[in-house]
Amino acid sequence: MVSNMLAMLRIMLTMSSTKFALRNLYLNLYREWVRFCVFISPRKATYLTAGTVLYSEVSSKILCYAQACKTYAWSPNVDGKQFQTSSYLPDLFFRSIKDSYSIAYSPSLLLKNRILAFPDSISLERENRTRLESFPLVLVSKNSSIYVLRNPSKYSKTILGRVFVVGGSSNWYHLLFEILPKLYLVDKHFGEQPQNIIITRELMNFTNFAAAINLFSSYHNLIVAASCEILWLEEAIIIDDFNIAPLNVKPDLTLHPSDWKINNFMLNEFAIQLRSRLLSKDPPSTKNKKLFLARKNYSNRRYNQDSLIKISREFGFQICNLENYTLSEQFDIISNAQYLVGPPGSAWSSLIFSEKPLKCLSWVPHGRFQFSSLYSTISKILGHDMNFFYSGINTSQIKQDPFFVDPNTFRYYLSKLLMP
């Protein structure tokens with residue numbers, strides 16, 4: 001079964017980047033089919049149950065890149081009401097783990113004796129174990145049991161020597177705030193000679209993603225791996241996260257600002273380095289100071305965008321789809337703006353492009369995500385003034401269901417944002 005599975009995966013992974021969405025659909029369907037075969041017919045023993053362990057328990061410390069510090073998180077600022085929480089981040093290290101199997105995009109490594117190692121920053125008490133899944137190496141059942149491929153050595157590619165593992169989620173936020181900072185740290189502390197760094201092919205398929213990665217890795221050797229390619233790593237170098245944000249939170253839990261832990265010194269240091277490498281001698285591509293960060297119509301996080309765009313234009317806002325611009329153009333647009341307005345989502349990652357304080361407006365739903373503090377915290381650390389208003393109620397299906405923002409409420413808070 002495994003041989004047939006890997007053969008099918010190789011066929012899927014040869015599909016051109018122009019069919020990227022279709023290929024992902026095939027992969028997701030195939031993953032579910034394999035999951036069905038594994039958990040309905042366990043007698044074949046294609047996958048075996050695995051134990052778990054934290055990186056800190058099985059790794060060797062190489063270098064401390066950030067000392068322990070107190071961190072702060074801020075709830076969304078609604079009507080001038082915002083509260084702050086504090087947490088503690090321990091010393092952060094480059095760590096070495098030898099003789100492990102990896103999927104390039106995954107945060108976990110498979111060790112001997114079917115032990116799955118994962119970052120200390122992931123809380124299995126609050127997050128679903130599916131976060132550790134790395135198909136076809138690791139699967140997670142509906143009851144959260146972890147299964148790993150029985151004989152991964154039969155299907156793996158060998159990477160000898162030292163290699164840096166930085167992750168590979170194809171999302172703009174994860175690239176700017178997780179992957180690029182790690183590439184910067186590799187370049188800062190080990191840049192005296194070229195290093196081997198694993199990057200997923202999917203990231204390199206996107207022009208802006210590849211351009212951003214090249215900012216910090218042009219001197220190094222990128223090992224580009226497909227998202228389903230199993231790698232055996234002689235020595236994996238992993239990097240503790242300085243930006244900790246919950247992902248795939250269990251449905252019965254409510255988020256609080258304390259769930260976010262960001263080392264503000266490291267974030268600001270990285271932001272300065274990113275801007276310096278994007279700095280252009282050309283004049284800014286736009287002089288418009290008011291921007292509405294729109295989503296494309298095919299986005300699966302739909303809302304009544306057209307009515308809000310109409311109101312925004314009345315206040316002099318230009319409609320901006322950032323994904324239509326190159327990386328350097330995005331930098332020019334945001335770094336020369338004064339006001340940003342738009343729906344919640346990864347477009348707000350572009351806050352990092354502006355050194356000047358921005359005035360921003362977005363919204364959050366009532367419910368379990370009303371204290372979701374990712375961008376309220378990032379904006380505070382970077383020196384921006386980000387404001388929110390409540391609209392609607394969040395459910396577990398919010399990413400699929402259309403979302404309605406009251407136009408009158410939006411108009412009120414937009415006019416309030418522009419007050420001197």
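How many aromatic pairs does a search of the whole structure find? The search finds 19. This is a predicted model, where local features need pLDDT of at least 70, side-chain atom pairs need 80 or more, and totals for chains, interfaces and linings use all residues. Numbering runs from 1 along each chain as its sequence is written, and side-chain values use heavy atoms, without hydrogens and water.

**View 1. The tilted pair Tyr72 and Trp74.** Rings of Phe, Tyr and Trp (its six-membered ring) pair if their centres lie within 6.5 Å; planes under 30 degrees apart are stacked, over 60 edge-to-face, the rest tilted. Here the centres are 6.3 Å apart and the planes at 35 degrees, so the pair is tilted. Trp74 is buried at 15% relative accessible area (buried is under 20%, exposed over 50%, partly exposed in between; 1.4 Å probe, protein chains only). Tyr72 is partly exposed at 32%.

**View 2. The edge-to-face pair Tyr184 and Phe216.** The centres are 6.1 Å apart, with 70 degrees between the planes. Tyr184 sits in helix α4 and Phe216 in helix α6 (residues 207-217), 32 residues apart. Helices are DSSP runs (H or I, at least four residues), numbered from the N terminus.

**View 3. Helix α4, residues 172-190.** Of its 19 residues, 15 are buried, so the rest of the structure largely encloses α4. At its start, a side-chain oxygen of Asn171 comes within 2.8 Å of the backbone nitrogen of Tyr173.

**View 4. An aromatic cluster.** Its members are Phe292, Tyr303, Trp363, Phe389, Phe410, Tyr412 and Tyr413.

Terms used:
Helices (H or I, at least four residues) and strands (E, at least two) are DSSP runs, numbered from the N terminus. The expected span of a helix is 1.5 Å times one less than its number of residues. A polar contact is a pair of N or O atoms within 3.5 Å; within protein, one must be able to donate a hydrogen and the other to accept it, and residues adjacent in sequence count only if both atoms are side-chain atoms.
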